Amino acid sequence: AMPAWRDHGVLGFTINLQGGSPEGYSKEQPWENSAFAPDGALRPAYMARLERVLDRADQLGMVPIVGYFYFGQDQRLRDERAVLDAVDHATQWLLEQGYTNLLIEINNECNVKYDHAILKPARVHELIRRVKQQSDGRLLVSTSYGGGKVVEPNVATASDYVLLHGNGVNRPERIREMVRQTRAVEGYRGQPIVFNEDDHYDFDKPDNNMVAAVSEHAGWGFFDFRRKDEGFEQGFQSVPVDWTIGSDRKRGFYGLAREMTGAGEAKPE
């Protein structure tokens with residue numbers, strides 16, 4: 001399905017080494033979905049699947065945001081040493097593959113439900129710097145917070161780009177305000193800003209969260225999950241996943257993305 005996304009002007013997507021919530025908003029995560037063994041070693045089968053996705057993205061000129069950790073799964077790493085080793089192993093693997101089309105997100109929503117202190121807001125910048133140092137600046141690194149939360153100075157200072165989430169933000173004007181507030185945070189120095197998760201749509205209306213983000217020169221990401229009693233075609237996060245643009249919500253997002261980017265339009269000779 002990735003060529004269809006690219007044909008609509010969508011250049012990036014998120015993919016995480018500890019998966020995501022296949023229920024949209026899971027209260028518990030009893031399943032194990034992790035590229036890491038308890039000691040931080042990489043699981044070859046998981047990395048082989050990741051390689052197929054990243055290789056195809058490279059062929060298509062797309063830029064995946066590769067996340068390392070997801071809350072509800074990080075506790076499966078036995079201690080902080082295992083977290084550090086997991087970061088080092090994942091970073092080294094990406095470097096060895098020679099990818100130049102990646103962004104790194106240390107963890108999804110660092111301020112939500114993490115067990116290890118180094119994955120929480122006060123210390124997550126240590127891991128951002130660790131990846132930057134290990135890659136000698138070849139990999140661009142950040143982390144994200146829960147919906148409506150603006151980046152804190154320690155992360156703004158360390159990050160190569162800034163990730164925001166629009167979950168829980170019902171007014172497009174608040175999206176604009178979040179971008180402006182981010183630019184005023186101590187440590188912010190003009191890095192790109194991207195909302196890589198938002199489940200507010202209204203794509204047929206003149207103003208919505210996507211339009212609001214882009215109007216402030218920030219990127220915006222479509223978070224779609226299958227609601228109760230909805231069909232298989234709904235939701236990119238819900239398993240089993242229909243990766244095609246086969247629902248009204250998906251068509252709304254991709255249609256607006258195509259309109260904004262001019263993807264598919266004939267180029268003047």
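Trainee: What is Asn-108 at 5% relative accessibility, buried or exposed?
Mentor: Ground rules before that: this is a predicted model, where local features need pLDDT of at least 70, side-chain atom pairs count only at pLDDT 80 or more, and totals for chains, interfaces and linings use all residues. Residues are numbered from 1 along each chain as its sequence is written, and side-chain values use heavy atoms, with hydrogens and water left out. Buried means under 20% relative accessible area, exposed over 50%, and partly exposed in between (1.4 Å probe, protein chains only). At 5%, Asn-108 therefore counts as buried.

Trainee: Which strand is the place of Asn-108?
Mentor: Strands (E, at least two residues) and helices (H or I, at least four) are DSSP runs, numbered from the N terminus. On that scheme, Asn-108 belongs to the run covering residues 103-108, strand E3.

Trainee: Leaving aside neighbours within four places in sequence, which residues is Asn-108 in contact with?
Mentor: Contact means heavy atoms within 4.5 Å. With those sequence neighbours set aside, the list for Asn-108 reads Asn-16, Phe-69, Tyr-70, Phe-71, Tyr-114, Ser-144, His-165 and Glu-197.

Trainee: At roughly what angle do the axes of helix H2 and helix H3 cross?
Mentor: Axes are lines fitted to C-alpha atoms, for helices over the stretch in contact, and angles run from 0 to 180 degrees between N-to-C directions. Under 35 degrees counts as roughly parallel, over 145 as roughly antiparallel, 65 to 115 as roughly perpendicular and the rest as oblique, so H2 and H3 are oblique to each other. The axes of H2 (residues 44-60) and H3 (residues 80-97) come within 12 Å and cross at roughly 45°.

Trainee: Which residues of H2 and H3 make the contact?
Mentor: H2 supplies Met-47, Leu-50, Glu-51 and Leu-54. From H3 come Trp-93, Leu-94 and Gln-97.

Trainee: How do the residues of that H2 and H3 contact divide into nonpolar, polar and charged?
Mentor: Ala, Val, Leu, Ile, Met, Phe, Trp, Tyr, Cys and Pro count as nonpolar, Asp, Glu, Lys and Arg as charged, and the others, Gly among them, as polar. For the contact of H2 with H3, that gives five nonpolar, one polar and one charged.

Trainee: How many aromatic pairs does the count come to?
Mentor: Rings of Phe, Tyr and Trp (its six-membered ring) pair if their centres lie within 6.5 Å; planes under 30 degrees apart count as stacked, over 60 as edge-to-face and the rest as tilted. By this rule the total is 22.

Trainee: What kind of pair do the rings of Tyr-68 and Phe-69 form?
Mentor: Tyr-68 is buried at 0% relative accessibility, and Phe-69 is buried at 0% too. Their ring centres sit 6.3 Å apart with planes at 90°, so the pair is edge-to-face.

Trainee: And what kind of pair are the rings of Phe-222 and Phe-253?
Mentor: Phe-222 sits in the loop between strand E7 (219-220) and helix H8 (248-261), while Phe-253 is in H8, 31 residues apart. Phe-222 is buried at 14%, as is Phe-253 at 6%. The ring centres are 4.7 Å apart and the planes at 20°, so the pair is stacked.

Trainee: What is omega of the cis peptide bond that joins Val-239 and Pro-240?
Mentor: Most peptide bonds are trans. Pro-240 is in the loop between E7 and H8, and its cis bond with Val-239 has an omega of about -5°.

Trainee: What value is phi of Asp-229 near?
Mentor: Most residues other than glycine have a negative phi. Asp-229, in the loop between E7 and H8, is exposed at 72%. Its phi is positive, near 70°.
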